[in-house]
Amino acid sequence: MQINRILTYISVLVILLSFINLGLVINGNAVGTLNITIYDYVNINFTTNLVNFGNGAIDSGKSNASIDTLGNVVNGNWTPINNGFILENMGNVNVSLDLKSEKTAVQFLGGTSPLYQYNFTDKAGETGSCLNETFLKGTWINVNTTSSGDRLCNPLRFENSNDTIRIDIKLVIPSDSLTGNLTDTFTATGTVI
């Protein structure tokens with residue numbers, strides 16, 4: 001009888017261990033996989049795309065007048081303006097940024113020794129938008145009409161807090177310049193890097 005009790009206890013123990021083992025096998029893990037593809041989105045935009053110096057003339061007896069988008073007017077009667085182009089990287093990737101104009105100083109203004117320049121800076125409050133620039137920010141540069149223009153930023157960043165630059169324009173208008181409504185076009189090109 002005692003042996004039967006011992007065998008019964010052993011049988012119960014074996015059954016309990018079997019259930020425990022069976023429970024461990026039943027509680028397994030499953031793995032799932034999720035895939036998504038997000039494309040690089042290049043989108044640069046002139047959020048301020050018009051610079052209009054308006055009407056004006058060179059002061060009598062002066063060989064030229066100088067005006068810029070920083071509010072300076074020298075030897076002329078143009079109304080000072082304080083707004084340049086504003087260019088923003090609205091995409092989701094950093095881009096290299098190139099800028100060109102359609103006309104040279106001679107083609108745009110004509111006359112003797114015209115000057116047609118631009119400079120660029122990070123937009124106020126967005127320091128670090130343009131990194132590894134080819135030209136020093138705030139330095140006047142003669143416009144470039146070549147196919148690719150000038151490389152300004154490499155990269156122009158895309159983060160909302162630092163993705164915008166300001167481009168200012170400076171003209172030195174000779175007294176024998178072209179007259180009438182003179183226009184030119186700037187083209188900015190962003191290339192994903």
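From the N terminus on, the elements of the protein chain follow the order α-β-β-β-β-β-α-β-β-β-β-β, which comes to two helices and 10 strands. Helices (H or I, at least four residues) and strands (E, at least two) are DSSP runs, numbered from the N terminus. The structure is a predicted model, in which local features need pLDDT of at least 70 and side-chain atom pairs count only at pLDDT 80 or more, while totals for chains, interfaces and linings use all residues. Residues are numbered from 1 along each chain as its sequence is written, and side-chain values use heavy atoms, with hydrogens and water left out.

**Overall burial and contacts**

- Of the 193 residues in the protein chain, 34% are buried; buried means under 20% relative accessible area, exposed over 50%, and partly exposed in between (1.4 Å probe, protein chains only).
- The protein chain exposes about 12000 Å², and carbon and sulfur atoms supply 54% of this area. Accessible areas come from the Shrake-Rupley method with a 1.4 Å probe, and for residues only the protein chains shown count as cover.
- Among contacts (heavy atoms within 4.5 Å) with a separation of 6 or more, 74% are between residues 24 or more positions apart.

**Nonpolar core**

- The largest nonpolar core has 33 residues. Such a core is a set of buried Ala, Val, Leu, Ile, Met, Phe, Trp, Tyr and Cys residues joined through side-chain atoms within 4.5 Å.
- The residues with the most contacts inside this largest core are L97, Y118, I165 and L171, and its largest share, five residues, comes from strand β9 (residues 164-174).
- Leaving aside residues up to four places away in sequence, Y118 touches L99, F135, T139, W140, I141, N142, V143, D150, L152, I167, D168 and I169.
- I173 lies in strand β9 and is buried, with a relative accessible area of 8%.
- The contacts of I173, not counting residues up to four places away in sequence, are with I58, S63, N64, A65, I67, W78 and L109.
- T112 is 61 residues from I173 along the chain, and the C-alpha atoms of the two are separated by 8.7 Å.

**The sheet β8-β5-β10**

- Strands of a sheet pair through backbone hydrogen bonds, either parallel or antiparallel.
- Three strands form an open sheet in the order β8-β5-β10, with antiparallel pairing; two strands pair if DSSP finds at least two bridges between them.
- β8 and β10 (186-192) stand at the edges with a single partner strand each, so one side of each is left without a neighbour in the sheet.
- Neighbouring strands of this sheet are turned by 20° against each other on average, direction ignored. Axes are lines fitted to C-alpha atoms, for helices over the stretch in contact, and angles run from 0 to 180 degrees between N-to-C directions.
- β5 pairs with β8 in the antiparallel sense over four bridges; in β8, D150 is the bridge partner of L99, and L156 is that of V95.
- The antiparallel pairing of β5 with β10 runs over seven bridges, and F186 in β10 is the bridge partner of S101.
- Seven of the seven residues of β5 are buried, and both faces of the strand are covered, with V95, L97, L99 and S101 on one side and S96, D98 and K100 on the other.

**Salt bridges**

- Side chains of opposite charge can pair when their charged atoms come close.
- A search of the whole structure finds five salt bridges, each defined as a side-chain nitrogen of Lys or Arg within 4 Å of a carboxyl oxygen of Asp or Glu.
- One of them joins the side chains of R151 and D98 (2.6 Å, N to O). R151 lies in strand β8 (residues 150-156) and D98 in strand β5 (residues 95-101), so the pair ties together parts that are 53 residues apart in sequence.
- R151 is partly exposed at 33% relative accessible area, whereas D98 is buried at 8%.
- The side chains of K137 and E133 also meet in a salt bridge (4.0 Å, N to O); K137 is partly exposed at 26% relative accessibility, and E133 is partly exposed at 27%.
- A network of salt bridges links D122, E133 and K137.
- R157 and E159 form a salt bridge through their side chains (3.2 Å, N to O); R157 is partly exposed at 22% relative accessible area, and E159 is partly exposed at 29%.
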